[in-house]
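Please look at the sequence and the structure shown here, and then read the short briefing that follows.

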Amino acid sequence: MNTQLLIQLLVNGLVVGTLYGVVAMSFVLIYKATQVVNFAQGELLLVGAWVCWALMVKYQLPFYLSMPITMAFMFVFGILIQLVFLRPMIGEPIISVIMVTIALSTVLQAAMKWIFGVNPQPFPQIFTSQSVGFLGLQIQTVYVMSLVVSMAMIAAMAWFFQSSKHGLAMRATAFNQQVAQSLGISVKSVFAMSWAISATVSAVAGVVVAVVNGVSSGLSIYGIKVFPAVILGGLDSIGGAVLGGIIIGLLENFAQFIDGEFLHWGNLYEVAPFYVLIIILMIKPYGLFGTRDIERV
Amino acid sequence: MRMKTLLGTAALTLLMSASGALAQSAIRIGHLADYSGGTSDVGTPYGQAVADTFAWINKNGGINGTKVDIETVDYGYQVPRAVAQYKKWTGSNKVAAIMGWGTADTEALTGFVAQDKIPFFSASYAAQLTDPTGAGGKAKAAPYNFFYGPSYSDALRAELTWAAEDWKAKGKSGKPKFVHMGANHPYPNAPKEAGEQLAKELGFDVLPPLVFALSPGDYSAQCLSLKSAGANYAYLGNTAASNISVMKACKTAGVDVQFLSNVWGMDENAAKAAGDAADGVVFPLRTPVAWGASAPGMKIVGEISKISDQSGAAYRPVHYIAGVCSALFMKEALEWAAKNGGVTGENVQKAFYHKANWVPAGMEGVCNPSTWTEKDHRGTMAVDLYRSKVSGATDGDLNDVMKKGTIKLEKVKTVELPRKSEWLGW
Amino acid sequence: MTTSQIPAGDFRTSYAADTTIFPTVTSRNAAILGVLLCACAPFVFNDYWLSLLISIGIYGIAALGLNILLGFTGQISIGHAAFFLFGAFTSAYLSTKLPIPAFFAIPLAGVVTALVGLVFGLPAARLKGLYLAIATLAAQYILLDFFARAEWFSGGSVPASAAPFSIFGYTLQGDHQYFYVVLAYVVISYVLVTNLMRTRDGRALIAVRDHYLSAEMMGINLTKYRTLSFGLAAFFAGIGGALYAHYQLVVSYEGFGIERSILFLAMVIIGGTGSIMGTLMGTAFVVLLPEAMEWLSAALRGGIIDQALGIKNNITFLREIAIGVIIIIFLVFEPDGLAHRWKQIKAYWKLYPFSH
């Protein structure tokens with residue numbers, strides 16, 4: 001058995017899994033507060049990537065400026081989307097809101113192609129060395145950045161939800177909208193907030209995948225790709241989402257190892273995680289950290 | 001239900017009154033393009049070329065003096081829209097031929113075009129479309145499907161032929177290792193069997209195929225497998241967006257492999273997006289030359305390009321030139337049909353058989369001589385292999401990058417494959 | 001949908017009256033007339049309109065299956081396109097590789113797809129809600145992977161071909177004839193599902209939809225009905241797919257990714273979840289909207305507005321944006337779907353001139 005390769009693949013799985021985790025986290029942020037499955041998550045990521053690309057290439061801003069500007073822009077953009085498209089839907093059936101996010105993804109996808117063109121674009125080099133070595137594996141520097149940033153973001157989220165006023169308001173809203181409202185929490189602003197934070201987090205992930213893959217409309221696939229991670233972690237657990245992402249990343253890479261070294265079936269990379277996922281869910285039906293719905297009649 | 005019928009009737013009357021106004025004398029053809037869908041990165045230059053060429057034809061006297069009434073429709077790479085559009089074209093006022101686009105529309109419509117006898121000239125190069133009688137036994141007969149350029153399988157065969165020579169030329173010993181990479185999907189798999197079989201015949205060690213999805217993603221795992229297997233030549237069967245991810249991941253992982261790409265997997269824009277990771281990739285062109293090269297036929301290509309770019313400054317990717325050739329073959333087929341019994345689907349089909357080693361007038365050196373026969377729709381067996389050369393940062397406008405020479409397309413070789421009958425249709 | 005829709009004074013005194021398909025004679029006659037009018041369509045319409053009607057019929061059947069899943073068990077499916085494709089491949093296989101005429105291959109394909117659907121419905125024993133959606137996503141990936149592997153079944157990289165639809169040695173070809181096949185299947189499917197909702201199993205499904213806990217307390221086996229709805233959803237997807245196969249005559253793998261599954265979801269939600277006639281309306285909406293936008297953009301192309309703004313090719317992006325925006329606007333004004341709006345229109349005329 002090729003232990004060296006296995007270690008490299010597992011390290012890679014961990015690194016990429018964290019990135020999945022970040023996208024999954026942005027997905028959960030919206031679900032937790034609004035119960036909406038956001039099918040436009042990938043497009044939010046894409047918008048973030050394009051905006052940062054435009055700032056760096058068209059306006060020649062350095063990365064340390066364009067990244068915060070992108071995040072600020074996405075924060076506002078998240079609020080705007082919520083205001084324009086989703087606020088009128090508050091109180092309507094969740095399924096209709098989900099449909100709105102599907103339509104929103106069509107709109108954003110076409111708008112991005114219109115504004116930025118249909119060709120994939122290279123992302124300007126950000127780091128002087130493109131990769132760093134770790135346990136014999138060359139990892140893209142930007143993945144290391146994503147690892148650090150996501151750790152920071154997870155810590156920030158933990159503090160936000162544990163101690164800050166807005167975070168508590170969001171948790172209260174997630175628990176019960178009516179009760180939260182009667183306690184004087186503005187559900188509208190909580191919803192706007194959750195979209196804003198989610199869009200910001202997506203932007204970070206978007207920039208990372210754009211550096212690795214170049215910017216192209218196909219990047220939005222990450223929005224759907226993390227769906228298994230979200231479910232595995234438990235739909236409403238932020239920590240669970242990150243862990244779910246890491247597990248999916250590890251599973252993908254481990255499947256590739258088994259496939260490449262022994263089985264040669266091809267495509268286990270894409271399919272095997274689903275089999276494992278269903279088994280895990282059969283044992284833990286609410287994901288690893290999801291809240292068990294206790295319903296009283 | 002009733003509402004729908006009513007609405008339908010109303011819209012139908014509108015439609016009929018609109019189409020009645022059109023001149024009956026013009027030759028009608030349809031053009032399916034993808035400017036907004038999943039393949040828009042390569043669909044835009046190709047579709048633009050077809051539209052420009054027919055505009056240029058109309059400007060220069062049309063088909064024997066008759067104008068071509070070409071309707072360009074962006075179907076967004078969505079099969080239902082292609083089918084609906086096709087039905088619109090084949091209804092009351094039938095089109096003589098259709099310029100199609102990719103796998104999605106071509107495959108969905110193969111059944112219909114054979115039934116309705118409408119030549120469908122597309123840019124989907126799957127080898128099964130080259131078998132008009134079904135004699136190859138691998139696929140169903142496709143008598144009305146045409147394309148210009150080598151099929152996916154023939155392009156890979158040519159790349160492998162080159163790779164075998166390259167291995168010898170480099171003076172390396174032992175068996176070179178070949179691996180097929182791509183999604184588990186018909187398009188990347190189309191040339192798989194052909195490639196692996198020829199690779200074996202040429203003395204390659206054929207490794208188990210590696211799978212990566214058609215969308216961008218993290219493919220470090222595949223690259224590490226590639227490295228650990230020690231592959232020397234790897235075929236990338238996907239489209240540009242995911243190939244870029246693989247090339248970049250493999251560069252990071254330090255994989256030393258010669259990539260051979262599918263025709264849609266590499267072009268100037270992909271090289272620009274992948275940057276130095278795309279340096280050295282070998283890929284097939286459908287024309288002997290790329291933009292900016294000198295060849296007798298490039299004069300006409302330049303004129304055609306000015307239709308949508310008056311300044312004449314725009315750089316046109318390789319797919320544009322291929323689109324021009326495709327449209328000009330169609331033009332001459334229409335001309336022949338008009339002279340020999342009128343422009344109908346069947347006559348246009350016959351027109352494609354009227355000439356061997358056919359080069360559209362004035363396109364010498366740009367469009368490869370092509371021969372279509374009733375039994376063999378492999379237009380050309382010549383494959384022009386190019387290599388991308390990337391030296392430096394590629395961000396910025398494509399025009400500038402190409403002008404500065406940061407990205408160069410370097411001719412490797414023109415492989416003339418034998419027209420083997422046992423290679424027909426797969 | 002809900003009892004509040006039944007106007008005052010409508011007292012049903014027997015079970016037969018309560019479970020009737022058509023509440024009034026007029027509504028029954030209207031439905032029959034609608035079907036008859038549709039049967040005249042091939043004499044009136046050209047191929048283009050017929051192909052759109054055929055598409056609405058084919059996708060309408062598949063969407064009906066999804067509506068059973070979504071509307072009656074509240075299960076979002078992101079794998080419906082894979083079942084649709086499975087039905088298409090099965091029918092193509094049965095009709096070309098085995099001596100089974102298309103007439104029998106279509107229902108058989110439905111049954112085989114239903115069995116596959118039941119397998120993917122098995123996790124319903126433990127999972128519910130969005131967690132169960134993973135089973136549908138898994139179906140999408142696993143089935144598509146299966147098609148790529150099983151060359152004997154799907155033709156691999158070469159599209160599978162399907163035999164034309166024939167009955168008693170007479171082959172139905174072209175849109176004008178095939179339209180009747182689709183129409184027959186649409187009528188049968190919709191009548192079947194409407195009737196299903198009147199049976200014991202249908203009532204159980206409705207009870208599960210309305211409140212699964214109460215349903216369980218009433219002795220309804222939740223797992224059984226959740227799995228069953230998976231099977232039913234797959235059955236109709238398979239029938240739709242099989243009809244698609246014999247219409248196109250070739251079945252290609254291309255274009256049946258997650259996007260198509262999401263499109264099916266759109267048909268059901270726009271039509272109205274849990275509404276049978278709404279499904280057909282929603283399908284018509286989703287099929288016709290891009291076409292309508294295409295007419296609009298074709299009309300705009302080269303016109304004054306186009307020249308003034310210099311849109312040119314970008315009109316296609318505007319068209320895509322418009323499709324999304326129209327769906328959003330529609331949902332903002334009618335979150336319960338077309339079926340609900342249709343009821344309101346009917347109520348308005350019923351109460352005219354006294355409606356408020």
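At what angle do helix 3 of chain B and helix 3 of chain C pack, and how far apart are their axes? Helix 3 (residues 79–90) of chain B and helix 3 (residues 47–73) of chain C pack at an angle of about 155°, with axes 7 Å apart. This is a predicted model, in which local features need pLDDT of at least 70, side-chain atom pairs count only at pLDDT 80 or more, and totals for chains, interfaces and linings use all residues. Residues are numbered from 1 along each chain as its sequence is written, while chains are lettered from A and ligands numbered from 1 in the order in which they are written.

**Helix 3 of chain B with helix 3 of chain C**
- The two helices (DSSP runs of H or I, at least four residues, numbered from the N terminus) are therefore roughly antiparallel to each other, a term for angles over 145 degrees, where angles run from 0 to 180 degrees between N-to-C directions and axes are lines fitted to C-alpha atoms over the stretch in contact.
- Residues in contact (C-beta atoms, placed from the backbone, within 7 Å) include Pro80(B) and Val83(B) of chain B, and Asp47(C) and Tyr48(C) of chain C.

**Chain A with chain C**
- The contact takes 38 residues from chain A and 34 residues from chain C.
- On the side of chain A that touches chain C, helix 4 of chain A gives the most, with 13 residues.

**Chain B with chain A**
- Here 35 residues of chain B are in contact with 36 residues of chain A.
- Helix 9 of chain B provides the largest share of the side of chain B that touches chain A, seven residues.

Key. Two residues are in contact if their C-beta atoms, placed from the backbone, lie within 7 Å. Angles under 35 degrees count as roughly parallel, over 145 as roughly antiparallel, 65 to 115 as roughly perpendicular and the rest as oblique.
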